[in-house]
There are 4 protein chains.
Amino acid sequence: MKTPAPDQRLGVWLFGALGGLATTLVVGARAIARGKAGTQGMLTATPLLDGVPLAAVASMVFGGHEVRRGDWASSAAEIQQANGTIPWPLLQALRAELKRASKEVQRGVLPNAGRMIQALAERAVDRRPLRAQVEQVQADLRSFQRRHRLQRVVCVNLTSTEPELRRSPAHRTLAAFEAALDRNHTAAVRPSAIYAYAAATLGMPLVHFTPNNGPLLPAIREAFAASSTPFCGCDGKTGETLVKSALAPMFKYRNLRVLTWQGYNILGDRDGRVLADSENKRAKVASKDGLLPQILGYPLHTHVGIDYVPSLHDMKTAWDFIHFEGFLGHRMAMQFIWQGCDAILAAPVVLDLVRLTDLAARNGEAGPLRHLACFFKRPIDVPEHDLHLQWHLLTDYLDRQRRSKR
Amino acid sequence: MKTPAPDQRLGVWLFGALGGLATTLVVGARAIARGKAGTQGMLTATPLLDGVPLAAVASMVFGGHEVRRGDWASSAAEIQQANGTIPWPLLQALRAELKRASKEVQRGVLPNAGRMIQALAERAVDRRPLRAQVEQVQADLRSFQRRHRLQRVVCVNLTSTEPELRRSPAHRTLAAFEAALDRNHTAAVRPSAIYAYAAATLGMPLVHFTPNNGPLLPAIREAFAASSTPFCGCDGKTGETLVKSALAPMFKYRNLRVLTWQGYNILGDRDGRVLADSENKRAKVASKDGLLPQILGYPLHTHVGIDYVPSLHDMKTAWDFIHFEGFLGHRMAMQFIWQGCDAILAAPVVLDLVRLTDLAARNGEAGPLRHLACFFKRPIDVPEHDLHLQWHLLTDYLDRQRRSKR
Amino acid sequence: MKTPAPDQRLGVWLFGALGGLATTLVVGARAIARGKAGTQGMLTATPLLDGVPLAAVASMVFGGHEVRRGDWASSAAEIQQANGTIPWPLLQALRAELKRASKEVQRGVLPNAGRMIQALAERAVDRRPLRAQVEQVQADLRSFQRRHRLQRVVCVNLTSTEPELRRSPAHRTLAAFEAALDRNHTAAVRPSAIYAYAAATLGMPLVHFTPNNGPLLPAIREAFAASSTPFCGCDGKTGETLVKSALAPMFKYRNLRVLTWQGYNILGDRDGRVLADSENKRAKVASKDGLLPQILGYPLHTHVGIDYVPSLHDMKTAWDFIHFEGFLGHRMAMQFIWQGCDAILAAPVVLDLVRLTDLAARNGEAGPLRHLACFFKRPIDVPEHDLHLQWHLLTDYLDRQRRSKR
Amino acid sequence: MKTPAPDQRLGVWLFGALGGLATTLVVGARAIARGKAGTQGMLTATPLLDGVPLAAVASMVFGGHEVRRGDWASSAAEIQQANGTIPWPLLQALRAELKRASKEVQRGVLPNAGRMIQALAERAVDRRPLRAQVEQVQADLRSFQRRHRLQRVVCVNLTSTEPELRRSPAHRTLAAFEAALDRNHTAAVRPSAIYAYAAATLGMPLVHFTPNNGPLLPAIREAFAASSTPFCGCDGKTGETLVKSALAPMFKYRNLRVLTWQGYNILGDRDGRVLADSENKRAKVASKDGLLPQILGYPLHTHVGIDYVPSLHDMKTAWDFIHFEGFLGHRMAMQFIWQGCDAILAAPVVLDLVRLTDLAARNGEAGPLRHLACFFKRPIDVPEHDLHLQWHLLTDYLDRQRRSKR
């Protein structure tokens, strides 16, 4: 099958539009579009993708939902101040444009979002029944698409880490979920579920970049299937976990028995603050901790700590201590220290995912995009965590794309 | 083709027989044979090799050449004292056996070995003409084989790192090399060349585990071809370089531009002392330093330091600092610290290589064994350094082995 | 005043006699006495103490209380196996002597010890009323002293970290405390309080090496005062906290503003297991966390993590991340990694403290020994945490000792 | 003696005026003067100095010599770009002022500066005889003082690390040195010697912040003595060596035997480039390496590596590995990683030194200022390297200052 070259603009709708990651992404995309920044960090900008028809970064039009006040210009200025990752001259050059574009940021929803996230809200919370909130989200999306005359809109979930949503009968089928919405059963949803449901019902593909389990409910998956819409997720793999999944296979190749893999993450920012709450942290840690026994093939002692260190802002630092046993039972150790800016690492990955998800949609693919597993801490429907085996899922897919084009 | 199960004993001849690595290997093999140690560190002891007919560790008979005095019992005691890697009770249990087995350790040769290595020699140096030295080595090998009634002997080069041998016309063909031996042209050889030549002419496979370029000379390769004998090498990949080759692909997968990869190795022991000499170090560093541009696909600033720290003995410690650039040109860093005992890491890999090289010989394979690339810092005839791609060379080979057996 | 040279043997009574620290101490002291080990780690073995009349290590006679089964020989064998810190030949040489000496280890008490510590008990717990337990402890101490004809016995508290004892009116005066003992008010005590009370009433000096607050109660201090007995504590400073107290002053000297000092400790062993319990951990963390604001003179973000990593046994590893602000508000970082064996670090310090406390007792000093502050995480009655200022308290004291002798 | 409050402006003359450190210093001082930056990093801005009459930072007038082209505004912009340490808004606010002030930057001298430094020169080199060059430097200094009507000028040596100047008879006395100048004996000088001589002869105090031995020659010291002028040096202690001198005493306090202290420094920038040259590196390493045996009191294995890593610019990173032996001969390790910006660390120290040296001059002190030892890697006439003992030299001096004022 041949995928037509995407000659029109691509809508990109960000749930959590004014967070550090979303802002960095919008600033970066516009900087690239205007030739003021390179494409480091974007796999889709490398020769690996040659011959694969992807939407141009310059063609992207941004909008989104947000529960805090502000706009992209002020959020970018805040990032500049805290992290220095957005160069001052770039900020100056884009300020007016960012301010203007921010009129596409609409008020988000907060049903059952949990204490920590609710505390972040700065706009008046929408307290209407769930159905009204869902319809508002859908209306915002349709309006964005219509006003910009967009043929395609890809949605991206970048909201804060929610407490895990306990599975209930309301999640089993789409009908049950819609019934729950109708009877305003708030405990059955989180914001991430509402957003994913809205995207699915509108046939808009979703990149689910957070660990929230809302979009993974069977009911929501049924909605994506019903509208033949692709989605991918979950929880972007960009730092400590990325390193883990690249490194753990080495121990397997050498039959070095890993006894302990102890990891500590420290970070500041809203992310760090939200994760400091044990309820929200639990979802994240689960996402970061499962991969080692899968890759290595045996149980081992693991730990993933996440602590809030305000002075670091978004400059995440992680220390991992790996204790392993070799010949004659001798014990040795490896340690690594990762010092990366989360938003800087994640933003280009999100752009990659938007482009690849859009490609899949144009190809007529639906459901979970398994070939994008290498980008996620908990890839949907892919049990494999070995980064290198995940990588082959992607390269095999791209090979098929190129072959189908000819 | 079907490889018969090897039901006889396997001769294993170690050039550099009393070094820390060779001693650890012999102690470990005997400990495994007697049920006194596990097989951690040996890939060939994992289910991956199920159905592939390998020689049993217990079937191995050891001998070797050495230029220092001593025996395996005293060398093992020295290791126990310095590193603690050989447990005291194991040493007690094996002492008598090790002492007895040491009568198979013959005096090694030292032609043109370089200042540092010559200084290590404790036995009277063989000062006869090269031809006589070659014949002595061959005679030692044949005598070992005969006395133990061994059908197969695998040779392993574990000697100290030599200064690089400058290529000369004498290396171009087997005939030229033999002429050089005949006219006693010492500058054309190093011990590693003599040993490899002896093995090749006797049709004994060679595992070349050091960075020495002696065995890689075209003349020597021609000798292996002439006797239809397989060999593999060079320079075992067991520590910092192993990590590099596992980790560097991650940066490629994410289009994170590595600006600098700075590595420092500190170690004690004879190895550290020999490498402290800049002549010998050069060969080693070349072997450790080339892989990054190949894996990443672009030039970058790299450095590999090796310094002698007597107090560490064989407990090698490495610190690597990786500076990389991501989205918006932002610079981030990763560091790792590797604390491993070189002999403990290398010994099981040598056992793996002996078994896999023996398998290849039984299969009738000849020349460089490309599928063993993942075990070497500078794999012969394999330009690929990405550990994961090298891994697939091995697993594909093993799949073919298993298929051919049915 | 002139302190007479101590020509008799010195009794050393260890509460927690078979733990890793106590066992290492006894093995080490006997090894030193028999010329089989050096005195590294013991400050009192350096020229700094020249001219100060200390008890000889060889003159020490050991006994103690313990709630687990075993003896010093089996405990030392266990340490050899797990940590390798006690060399095998030394173990062999001392085995018989250790076994013999272990008859001085008596059953300890466990009143209100908390869930984690109670779970460690292997001997039948003494369930008699508190008064009977106290009298038993006192009888054991007196019997030890009498049988060995010891003029002086120094007690050392090396028991596991207990949950903090909430202060109550029963702790305010010695009379109130004794009344509580009489009416068997178990909630008012912990083992550490019973042990300290017994030592105080017998006029035996106490080295309080753990964070337990039992010995610090006003009632117990009153008991020490009543018997004119010196004591010192609390919580030996031997690892991460030692480094902190040595390093923090540097930031003060340079007016570099420390924003964050984040520390993570991982260790195995009984210590690690007990500290894994949040109740017990709290007491320890309080002890490790308070010093930075005191040294630096301002509040800052600090964290002390302690996690249980079984594979490490007693090989404690700590990672500290220090984030600080310099000129023009620029932020920089320092990290350190500490890899030490807790018992190996602590045992010589305990020997130092025993000798210095015995010296003080011979000098007629009573109450808290402030000049020993540099050895403790929470020095009694010394608010200063700067290691270097604490060091001067000690050197000034030693100078006075030497002057008084002349 | 009472030091009058310095109510006039203080001239500060920087040899190496446009380097990263000098530029950061000038920018910082002006930012502080205009209330646009805090005083972090300046010890003299803390309450420790209360009651000690120091020149106000705002009162400082800057000038200097330089061999490269440019001005403080462009140099600051370059630092902003490379390191981000000078905030963009600050750069904007100060640009005009910096440009204007740069007319006080005069062409520097380069006699016998060595290959690496000569290569940095961008202005036409002054090739006149040495005497003419000396007179030029003196004339520049006098002119600066006269035009700004400055009562006091403090000179600061911030030039690049020169190859060590071999001692010769020409250095033994002031007369011999002046004779060498007169007969244009270039091999007897380096730029650092010329600058120091000029300052000394004009009675201007000198802060010698680099490892260059030019200013330490007996002849130059005689010149300072002749003019009763104070000076201090040498080689500012701001990073890895500072940590060493703070940490090493800890090992002494605990009788932990340091076997190895291995340090690696990586940095970019002109500093890194100059130090990459082995000739220049030697002087620096000598300065960084001597302190450990002095502090610890015994010889040990040490190493100080300095390597050039362009991508780091001025963000120096150091890794130190410390191997030490404790009780029962057990070996343990500590590592630290220092990530600091050299100019940011050094600039406030230079401001401190300028203020304290000016104070000493106003006090009538002459010769080497021993109480400033804590600021230097190789303090002149102070053999003590223990940072804490050096600290007491300073605090005792300040106490005397305060007492004398009353």
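How many residues does the contact take from chain A and from chain B? The contact takes 57 residues from chain A and 59 residues from chain B. The legends below describe close-up views of a predicted model.

Figure 1. On the side of chain A that touches chain B, at least two residues each are supplied by α1 (20–33), α9 (240–253), β9, β10, α13 (342–362) and α14 (387–405) of chain A. With 10 residues, β10(A) gives the most to this side. Sorted by class, the side of chain A that touches chain B holds 37 nonpolar, 16 polar and four charged residues.

**Figure 2. Strand pairing between β10(A) and β10 of chain B.** The two strands run antiparallel and are joined by seven bridges. The strand of chain B in this pair spans residues 331–341. Within the pairing, A:W338 stands opposite B:M334 in β10(B).

**Figure 3. Superposition of chain A on chain B.** Chain A is superposed on chain B by a rotation of 180° with 0.0 Å of shift along its axis, at an RMSD of 0.0 Å. Of the interface residues of chain A, 100% are also interface residues in chain B, so these copies meet through the same surface.

**Figure 4. Interface of chain A and chain C.** Here 22 residues of chain A are in contact with 22 residues of chain C. Together the two chains bury about 1800 Å², with 63% of the area on carbon and sulfur atoms. In chain A, the residues that lose the most area to chain C are A:Y264, A:S311 and A:W319, which together account for 28% of what that side buries. Zero salt bridges are found by the rule across the interface of chain A and chain C. Across the interface of chain A and chain C, 10 residue pairs, both at pLDDT 80 or more, are in polar contact. The strands β7 (257–267), β8 (301–308), β9 (315–325) and β10 (331–341) of chain A each supply at least two residues of the side that touches chain C. The largest share of this side, five residues, comes from β7(A). The side of chain A that touches chain C divides into 10 nonpolar, 10 polar and two charged residues.

**Figure 5. Superposition of chain A on chain C.** A rotation of 180°, with 0.0 Å of shift along its axis, superposes chain A on chain C with an RMSD of 0.0 Å. The two copies are therefore related as by a two-fold rotation axis. Of the interface residues of chain A, 100% are also interface residues in chain C, so the copies meet through the same surface.

**Figure 6. A salt bridge within chain B.** Side chains of opposite charge can pair when their charged atoms come close. B:D342 forms a salt bridge with B:K316, and the closest N and O atoms are 3.6 Å apart. This pair links distant parts of the chain, 26 residues apart: B:D342 lies in helix α13 (residues 342–363) of chain B, and B:K316 in strand β9 (residues 315–325) of chain B. Over all chains, the rule gives a count of 68 salt bridges.

**Figure 7. Open sheet of chain B.** Seven strands with parallel pairing form an open sheet in chain B, in the order β3-β2-β1-β4-β5-β6-β11. Its edge strands are β3 (105–107) and β11 (367–368) of chain B, each pairing on one side only. Strand β1 (residues 10–15) of chain B pairs with strand β2 (residues 60–66) of chain B in the parallel sense over six bridges. In this pairing, B:V12 stands opposite B:F62 in β2(B).

**Figure 8. Open sheet of chain C.** In chain C, an open sheet of seven strands with parallel pairing has the order β3-β2-β1-β4-β5-β6-β11. The edge strands of this sheet, each pairing on one side only, are β3 (105–107) and β11 (367–368) of chain C. Strand β5 (residues 206–208) of chain C and strand β6 (residues 230–233) of chain C run parallel and are joined by three bridges. The bridge partner of C:H208 in β6(C) is C:G233.

Note on methods. Residues are numbered from 1 along each chain as its sequence is written. Chains are lettered from A and ligands numbered from 1 in the order in which they are written. This is a predicted model: local features need pLDDT of at least 70, side-chain atom pairs count only at pLDDT 80 or more; totals for chains, interfaces and linings use all residues. Side-chain values use heavy atoms; hydrogens and water are left out. Contact means heavy atoms within 4.5 Å. Buried area is the accessible area (1.4 Å probe) that two parts lose on being put together, summed over both. A salt bridge is a side-chain nitrogen of Lys or Arg within 4 Å of a carboxyl oxygen of Asp or Glu. A polar contact is a pair of N or O atoms within 3.5 Å; within protein, one must be able to donate a hydrogen and the other to accept it, and residues adjacent in sequence count only if both atoms are side-chain atoms. Helices (H or I, at least four residues) and strands (E, at least two) are DSSP runs, numbered from the N terminus. Ala, Val, Leu, Ile, Met, Phe, Trp, Tyr, Cys and Pro count as nonpolar, Asp, Glu, Lys and Arg as charged, and the others, Gly among them, as polar. Copies are superposed by least squares on the C-alpha atoms of residues with pLDDT of at least 70 in both. Two strands pair if DSSP finds at least two bridges between them.
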